[in-house]
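Take a look at the model below. Keep the sequence beside it as you read.

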Amino acid sequence: MYTTDLRTKAQKAADAKDTGAKDEIVEASENEARFQARIDDEQFIEPKDWMPEPYRKTLVRQISQHAHSEIVGMLPEGNWISRAPSLRRKLILLAKVQDEAGHGLYLYSAAETLGVERGDLLEQLHTGKAKYSTIFNYPTLTWADIGAIGWLVDGAAVTNQIPLCRCSYGPYARAMVKVCKEESFHQRQGFEIMTVMMEGNAEQREMAQDAMNRWWWPSLMMFGPPDGDSPNSAQSMAWKIKRFSNDELRQRFIDATVPQAEAIGLTMPDPDLGFNEVTGHYEIGDLNWDEFWSVVKGEGHCNRDRLDARVEAYADGAWVREAAEAYAEKQKAKHAAA
Amino acid sequence: MSKGNWDLFEIFIRSKNGLSHKHVGSVHATDAEMAIENARDLYTRRMEGVSLWVVPSKSIVASDPGDMEHLFEPARDKVYRHPTFYKVPDNIENM
Ligand SMILES: [Fe+2]
Ligand SMILES: [Fe+2]
């Protein structure tokens, strides 16, 4: 249903050569007004509906970046599958990493409803043209990092993704509903790892605290730059792709997470952290945005590793794809002959 | 088929016997058999269904949103097709 001619009647008419340029402009602004009215009315936009080109482009960029993040996100955790401390933990981690692959696929499917090809999106990832979440460019040094990632990184991701379940673009919203349902176990298994380590010996507690210290700040930066430095946010809010600002979501995550850390005896790695009795919110120290931007620009610990691992995995799978294609061709020929 | 742009299949799942199949998303595959296997891995990891349909996306013909009015509007002024349109005397308890 997404591969049929995606143009609407209006677009087809606009594409036809005999339409006067003047009519086109009038029609475009009428379409735009009608589109915004539908958004304001909380209606979902579906693949074949008319949409402004910048809306489509913004969605393609955001959804594909989101998909890439899920896929690259498998790498830091995948490293630990063979080193999980028990069979129980190994089964859980395998299931979680498999879920992340699924999230990537739901999202690539959603992006494809906007008229792009999956192979092209993958190529953009592999050539470094497309971005993914900076969080996955940090290394996973110990088993406690797997706990911290599930608890903090997946926790931050869920905080971001819950409002996306009501995003104005139907296929993206539906993908997010599925993702959010699966994410809730991810955060809990991570928190359970941290809890068990905090109940262990001094060395284990130290390991958990060290992971907390390294992952806390990067996970806060997952919400993106502060509202003042986030120029595209206003438009995304007007289109209801975004429902809450970066700072609002970050605050929500902080307020939920600090009591969880304290409950299991972890120390927050922020000497300036305090609870504001008046606002009812926690207040944090300054975030190191220079570090954030340097990781975005590819200066993170693992930028090169992650991309290389992706490219290598894709290249190593080439023979499987070729064999599958050859097999399908052979079957087709067989059926045609029969 | 190169660059991983395999055919797209739409996936429908029957969540349990007695219910109809419902659209859940799509997968890429070289043929229908692979589409079923991929759909199984992607959409039924948590017992979401007991039966799968895979349909080549290009076989689906969809109505045009531009035709919405002439397709669906005519039903709007036919309220007499709903039971609530009719007055039932107060002394009738069940109907
Ligand atoms: Fe995910
Ligand atoms: Fe996750």
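The next paragraphs cover a metal site and then the cysteines.

This is a predicted model, where local features need pLDDT of at least 70, side-chain atom pairs count only at pLDDT 80 or more, and totals for chains, interfaces and linings use all residues. Residues are numbered from 1 along each chain as its sequence is written, chains are lettered from A and ligands numbered from 1 in the order in which they are written, and side-chain values use heavy atoms, with hydrogens and water left out.

Start at the iron ion (ligand 1). Its protein donors are A:Glu70 (OE), A:Glu100 (OE), A:His103 (ND1) and A:Glu183 (OE), at 2.1 to 2.3 Å. Donors are N, O and S atoms within 2.8 Å of the metal (3.2 Å for Na, K and Ca); water is not among the atoms, so sites may look incomplete. Along the chain, the donors follow the spacing E-x29-E-x2-H-x79-E. A:Glu70 sits in helix 3 (residues 53-72) and A:Glu183 in helix 8 (residues 170-198) of chain A, 113 residues apart, so the pair links distant parts of the chain. Helices here are DSSP runs (H or I, at least four residues), numbered from the N terminus.

Both of these residues are buried: A:Glu70 has a relative accessible area of 7%, and A:Glu183 has 2%. Buried means under 20% relative accessible area (1.4 Å probe, protein chains only). A:Glu100 also bridges to the iron ion (ligand 2), and the two ions lie 3.3 Å apart.

Now the cysteines. The structure holds zero disulfides over all chains; a disulfide is a pair of cysteine sulfur atoms within 2.5 Å. A:Cys167 is buried, at 0%.

Key: Helix = DSSP H or I, 4+ residues; strand = E, 2+ residues; numbered from the N terminus. Buried < 20%, exposed > 50% of the residue type's maximum accessible area, 1.4 Å probe, protein only.
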